[in-house]
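Grab a pencil and have the model open beside you. Here are a few exercises, each followed by a worked solution.

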Amino acid sequence: MVICITNHSHLDFTQLQHEVNPMYVCLCRGITDTQIRKAVQSGKSEFRQLKQSLEVGAQCGKCVRMTMEIIAAELDKMEQEQPVLYYQVA
Ligand code: FES
(Lines give C-alpha, C1' and ligand atoms only; values in the text may rest on other atoms or scores of the structure.)
Protein backbone atom coordinates (compact mmCIF):
# COMPACT_ATOMS: atom_id res chain seq x y z
CA MET A 1 0.00 0.00 0.00
CA VAL A 2 1.38 3.40 -1.01
CA ILE A 3 0.32 6.49 0.84
CA CYS A 4 0.93 9.80 -0.87
CA ILE A 5 0.68 12.96 1.17
CA THR A 6 0.84 16.37 -0.44
CA ASN A 7 0.50 19.75 1.14
CA HIS A 8 0.33 21.70 -2.16
CA SER A 9 2.96 24.10 -0.85
CA HIS A 10 5.06 24.22 -4.09
CA LEU A 11 8.20 24.34 -2.00
CA ASP A 12 11.29 22.75 -3.47
CA PHE A 13 12.57 20.94 -0.41
CA THR A 14 15.81 19.94 -2.11
CA GLN A 15 16.59 23.63 -2.62
CA LEU A 16 15.37 24.46 0.88
CA GLN A 17 17.66 21.81 2.33
CA HIS A 18 20.70 23.65 0.95
CA GLU A 19 19.52 27.00 2.28
CA VAL A 20 18.61 25.73 5.75
CA ASN A 21 21.66 23.53 6.24
CA PRO A 22 24.50 24.94 4.21
CA MET A 23 27.63 22.87 3.96
CA TYR A 24 30.99 24.55 4.31
CA VAL A 25 33.05 23.72 1.26
CA CYS A 26 35.98 26.07 1.81
CA LEU A 27 36.98 26.19 5.44
CA CYS A 28 39.82 28.64 4.85
CA ARG A 29 37.45 31.30 3.48
CA GLY A 30 34.17 30.15 5.07
CA ILE A 31 32.41 29.55 1.74
CA THR A 32 29.29 27.38 1.69
CA ASP A 33 27.76 25.28 -1.07
CA THR A 34 24.82 27.70 -1.14
CA GLN A 35 27.12 30.61 -1.98
CA ILE A 36 28.73 28.58 -4.76
CA ARG A 37 25.34 27.49 -6.16
CA LYS A 38 24.05 31.07 -6.17
CA ALA A 39 27.20 32.30 -7.91
CA VAL A 40 26.79 29.63 -10.60
CA GLN A 41 23.13 30.59 -11.02
CA SER A 42 24.19 34.22 -11.51
CA GLY A 43 26.45 33.21 -14.41
CA LYS A 44 29.79 32.39 -12.81
CA SER A 45 30.15 28.90 -14.23
CA GLU A 46 33.95 28.62 -14.22
CA PHE A 47 36.14 27.94 -11.22
CA ARG A 48 38.39 30.94 -11.84
CA GLN A 49 35.34 33.24 -11.74
CA LEU A 50 34.36 31.81 -8.36
CA LYS A 51 37.92 32.10 -7.14
CA GLN A 52 37.95 35.78 -8.09
CA SER A 53 34.57 36.64 -6.60
CA LEU A 54 34.28 34.35 -3.54
CA GLU A 55 37.99 33.57 -3.07
CA VAL A 56 37.10 29.88 -2.86
CA GLY A 57 40.23 27.79 -3.21
CA ALA A 58 42.49 30.79 -2.77
CA GLN A 59 44.43 29.44 0.20
CA CYS A 60 45.15 25.70 0.71
CA GLY A 61 43.19 24.45 -2.31
CA LYS A 62 41.61 21.44 -0.61
CA CYS A 63 38.14 22.66 -1.59
CA VAL A 64 38.81 22.87 -5.33
CA ARG A 65 37.57 19.38 -6.21
CA MET A 66 34.34 19.77 -4.21
CA THR A 67 33.76 23.20 -5.74
CA MET A 68 34.16 21.76 -9.25
CA GLU A 69 31.65 19.02 -8.42
CA ILE A 70 29.13 21.57 -7.13
CA ILE A 71 29.60 23.70 -10.25
CA ALA A 72 29.00 20.66 -12.50
CA ALA A 73 25.95 19.55 -10.50
CA GLU A 74 24.44 23.02 -10.54
CA LEU A 75 25.03 23.42 -14.29
CA ASP A 76 23.39 20.01 -14.89
CA LYS A 77 20.43 21.02 -12.75
CA MET A 78 20.06 24.35 -14.59
CA GLU A 79 20.23 22.57 -17.95
CA GLN A 80 17.51 20.09 -16.94
CA GLU A 81 15.25 22.90 -15.75
CA GLN A 82 15.40 24.75 -19.08
CA PRO A 83 12.28 24.37 -21.21
CA VAL A 84 12.58 22.43 -24.44
CA LEU A 85 12.89 24.96 -27.24
CA TYR A 86 12.72 22.51 -30.12
CA TYR A 87 11.02 19.31 -31.12
CA GLN A 88 12.76 16.43 -32.79
CA VAL A 89 11.44 15.68 -36.26
CA ALA A 90 11.46 12.03 -37.25
S1 FES B 1 39.58 24.97 2.10
FE2 FES B 1 39.36 26.33 0.45
S3 FES B 1 41.27 27.27 0.26
FE4 FES B 1 41.49 25.98 1.99
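Two residues count as in contact, or packed together, if their C-beta atoms, placed from the backbone, lie within 7 Å. A residue is buried if 20 or more other C-beta atoms lie within 10 Å of its own, exposed if 12 or fewer, and partly exposed in between. Helices (H or I, at least four residues) and strands (E, at least two) are DSSP runs, numbered from the N terminus.

Some ground rules: this is a predicted model, where local features need pLDDT of at least 70, side-chain atom pairs count only at pLDDT 80 or more, and totals for chains, interfaces and linings use all residues. Residues are numbered from 1 along each chain as its sequence is written.

**Exercise 1.** Work out the order of the elements in the protein.

Solution. Start with the tally: four helices and two strands. Now walk from the N terminus, and you get α-β-β-α-α-α.

**Exercise 2.** Describe helix H4, its buried residues and what they pack against.

Solution. Begin with length: H4 covers residues 64-81, 18 residues in total, and reaches 26 Å from first C-alpha to last. That is close to the expected 26 Å, taken as 1.5 Å times one less than the number of residues. Next, pick out the buried residues of H4, which are Thr-67, Ile-70 and Ile-71. They sit on the same side of H4, because they cover an arc of only 100° around the axis; the arc is that of the directions from the helix axis to the C-beta atoms. Finally, the buried residues of H4 pack against strand E1 (24-26), H2 and helix H3 (47-54).

**Exercise 3.** Is Thr-32 buried, exposed or partly exposed?

Solution. First place Thr-32: it lies in strand E2 (residues 31-32). Then count: Thr-32 has 19 other C-beta atoms within 10 Å, so Thr-32 is partly exposed. Leaving aside neighbours within four places in sequence, Thr-32 is in contact with Pro-22, Met-23, Tyr-24 and Val-25.
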